[in-house]
Amino acid sequence: MTLPSDADEAVAQRLHELLARQRRWLLAQARVLCRNPTDAEDLTQETILRFLAAFSQVSQLPDEHVCASWLVTTLTNCFYDQLRRQRTRERSAEELAQQALPVDPDPPVRPLHERVTDEQFSSAVQALSPVARTTFELHARGRKYKEIAQELGIQEGTVAKRLHDARSRLRKLLEPLIQVGDN
């Protein structure tokens, strides 16, 4: 068994001093990446362990800036590894959940526009006020808000408000018909 030399002890001492100075900064960087104090602490510990493993056997410690660069690079790589492991676990959980689902899911619900007949829609449009109906019909024909505003002699904002009100009114008029059709 060989005893550590004074040079080895000096390197170890310098290594631990460097880590003591860099730990707070490293932890702050980890918190920015993880956005979770517990994960940041784990990430910092993993980085420090890798640093110790990489530099504990060297006879002379590199410059402090080189060590800081190594630490932040390793921290970032550890973070990416952590994300990959997490993503793999999530995918595995999703696959298991999908396998547990029944084979024949319920058929998809038809979109609302397919559940309303043309006659029901025309009747609802006729129930709109004349002003709202005119604005809605012009827009349904493909006219832009600006064109409708010029044709009716109103502001574009008024066109937008009328169309919003017309859609809301149509939704209220058609909703009972849709619910009856679902039963």
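Which residues does A149 touch, not counting residues up to four places away in sequence?

A149 is found in helix α7. Leaving aside residues up to four places away in sequence, A149 touches I154, Q155, E156 and V159. Is A149 buried or exposed? Its relative accessible area is 6%, and buried means under 20%, so A149 is buried. A further pair shows how the chain runs here: A149 and A160 are 11 residues apart along the chain, and their C-alpha atoms are separated by 9.5 Å.

How far can the model be trusted in this part? Across the chain the pLDDT averages 84, and 86% of the residues score at least 70. Helix α7, residues 145-152, has the highest confidence, at a mean of 93. Confidence is lowest in helix α4, residues 112-115, where the mean is 68. Where pLDDT is low, the predicted coordinates should not be read in detail.

The next stop is a pair of helices. Two packed helices are described by the angle between their axes and the distance between the axes. Helix α5 covers residues 118-126 and helix α6 covers residues 130-140. Their axes come within 9 Å and cross at roughly 130°. Which residues meet between α5 and α6? From α5 come F121, V125 and Q126, and from α6 come R133, F136 and E137. By class, this contact has 3 nonpolar, 1 polar and 2 charged residues.

With a relative accessible area of 57%, P37 is exposed, because the cut-off for exposed is over 50%. P37 and L27 are 10 residues apart in sequence, and from C-alpha to C-alpha they are 8.9 Å apart in space.

C67 has a relative accessibility of 1%, so C67 counts as buried. C78, at 3%, counts as buried too. How many disulfides are there? A disulfide needs a pair of cysteine sulfur atoms within 2.5 Å, and by this rule the count comes to 0.

Note on methods:
Residues numbered from 1 in each chain as written. Predicted model: local features only at pLDDT ≥ 70, side-chain atom pairs only at ≥ 80, totals over all residues. Heavy atoms only, no water. Buried < 20%, exposed > 50% of the residue type's maximum accessible area, 1.4 Å probe, protein only. pLDDT = per-residue confidence, 0-100. Helix = DSSP H or I, 4+ residues; strand = E, 2+ residues; numbered from the N terminus. Contact = heavy atoms within 4.5 Å. Axes fitted to C-alpha atoms, helices over the stretch in contact; angles between N-to-C directions. Nonpolar A, V, L, I, M, F, W, Y, C, P; charged D, E, K, R; others polar.
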